[in-house]
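Subject: A structure for you to explore

Hi,

Here is the structure I promised to pass on to you. Please open it next to this email, so that you can find each spot as you read.

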Amino acid sequence: MMLGESDILGASILIVDDQESNVILLVQLLSESGYLNVASTMDPYEVCALHRRNRYDLILLDLQMPGMDGFEVMAGLKTNDADGYLPVLVITAQPGHKLRALQAGAKDFISKPFDLVEVKTRIHNMLEVRLLYKKLENYSKVLEQTVQERTAELRESEARYRSLTELASDWYWEQDEHGKFSKVSGPVLEMLGIRVDALAGDANGVGMAGWNDAEREHLQATIAARQPFLDFVFSRVNADGSQQQFRVSGEPMFNQACRYIGYRGIGVELIAKK
């Protein structure tokens with residue numbers, strides 16, 4: 001996020017001072033230094049509205065003005081400054097006002113009478129910080145939008161994946177991190193006539209006879225170790241003597257923080273014979 005000198009010289013600046021001579025001096029100084037976007041007002045009551053409309057990169061604000069002083073102006077700016085950064089450089093002839101101004105939200109100060117070299121240096125430095133802040137803020141917004149778009153793409157891709165796997169298999173399944181089935185689709189439930197929890201060794205599956213215990217234990221151990229498996233075959237002998245064989249594949253799932261969140265997989269029936 002580099003800044004060029006043209007970025008700084010093109011920044012928008014507002015001069016606020018009730019003394020015309022000071023305004024003329026600062027406008028001339030900034031113009032001779034190459035700044036291209038300098039505005040001014042001698043009416044402190046206009047500042048909030050002007051900033052709300054123009055979003056200045058820097059406000060040179062005199063503290064001692066009749067009717068409404070610089071501290072009141074800063075208080076007003078805080079109520080409508082949406083970006084959270086108050087770009088105010090105060091102008092004061094009172095040393096005791098400097099700390100109070102900084103506590104009120106000003107980012108820096110210029111002392112009267114003016115030291116022109118100091119004025120130019122402080123203005124340049126503050127604009128550099130301000131513009132870098134804006135670039136960082138804009139970058140964060142773009143990054144957030146990119147993340148949201150990418151998340152939406154991943155969700156769409158996930159939906160397509162599920163749709164395709166459901167079409168290509170008899171059975172699509174998901175388990176949460178505790179091993180509980182959170183999604184099962186396809187005709188396998190009707191085909192087997194059992195509860196899904198029986199395949200995971202859940203208490204609900206007790207009494208469902210016919211599964212090959214060695215195969216099922218091997219499958220459970222693979223899932224417990226959070227390992228992927230491809231074309232694992234297990235079988236079941238039904239009460240009428242018929243045998244069913246299934247080929248299943250599965251993989252562990254992780255979220256963006258790399259935390260394990262469960263398993264998903266597919267299954268197809270291989271044979272069905274007496």
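Below is what turned up in it, grouped by topic. Please keep in mind that this is a predicted model.

**Aromatic rings**

Let's begin with the rings. The structure holds three aromatic pairs, and two of them are described here.

Now look at phenylalanine 254 and tyrosine 260. Their ring centres are 5.9 Å apart and their planes are at 65 degrees; because planes over 60 degrees apart count as edge-to-face, that is the name for this pair. Tyrosine 260 counts as buried at 10% relative accessibility, whereas phenylalanine 254, at 46%, counts as partly exposed. Put together, Phe229, Phe254, Tyr260 and Tyr263 form one aromatic cluster.

**Charges over rings**

The charged end of arginine 100 sits over the ring of phenylalanine 71, at 3.7 Å from the ring centre. Likewise, arginine 122 has its charged end over the ring of phenylalanine 109, 5.2 Å from the centre of that ring.

**A surface patch and a helix face**

On the surface, there is a nonpolar patch formed by Leu136, Tyr139, Leu143 and Val147. Together these residues have about 370 Å² of accessible area. One of them, valine 147, is in helix H6 (residues 116-168). Valine 147 has a relative accessible area of 43%, so it is partly exposed.

For a view of buried residues, turn to helix H3 (residues 47-54), where Val47, Cys48, Leu50 and His51 are the buried ones. Where do they lie around the helix? Looking down the axis of H3, you will find them within an arc of 165 degrees, so they line one face of the helix.

**Backbone spots**

Finally, a few places where the backbone deserves a second look. Most residues other than glycine have a negative phi, and most peptide bonds are trans.

- Arginine 55 follows H3 and has a positive phi, near 50 degrees.
- The peptide bond from lysine 112 to proline 113 is cis, and its omega is near -5 degrees. Proline 113 is placed in the loop between strand E5 (108-111) and H6.
- Arginine 226 has a positive phi, near 55 degrees. This arginine 226 is in the loop between helix H8 (213-224) and E8, and its relative accessibility of 45% makes it partly exposed.
- Aspartate 231 also has a positive phi, near 55 degrees. Aspartate 231 lies in strand E8 and is partly exposed, with a relative accessible area of 43%.

Enjoy looking around, and write back with any questions.

Best wishes

How values were computed:
Residues numbered from 1 in each chain as written. Predicted model: local features only at pLDDT ≥ 70, side-chain atom pairs only at ≥ 80, totals over all residues. Heavy atoms only, no water. Phe/Tyr/Trp six-rings, centres within 6.5 Å; stacked < 30°, edge-to-face > 60°. Buried < 20%, exposed > 50% of the residue type's maximum accessible area, 1.4 Å probe, protein only. Lys NZ or Arg CZ within 6 Å of the ring centre and 35° of its normal. Patch = residues over 30% accessible without salt bridge, like charges linked within 9 Å, V, L, I, M, F, W, Y side chains within 5 Å. Areas by Shrake-Rupley, 256 points an atom, 1.4 Å probe, with all protein chains shown as cover. Salt bridge = Lys/Arg side-chain N within 4 Å of Asp/Glu carboxyl O. Helix = DSSP H or I, 4+ residues; strand = E, 2+ residues; numbered from the N terminus. Arc of directions from axis to C-beta.
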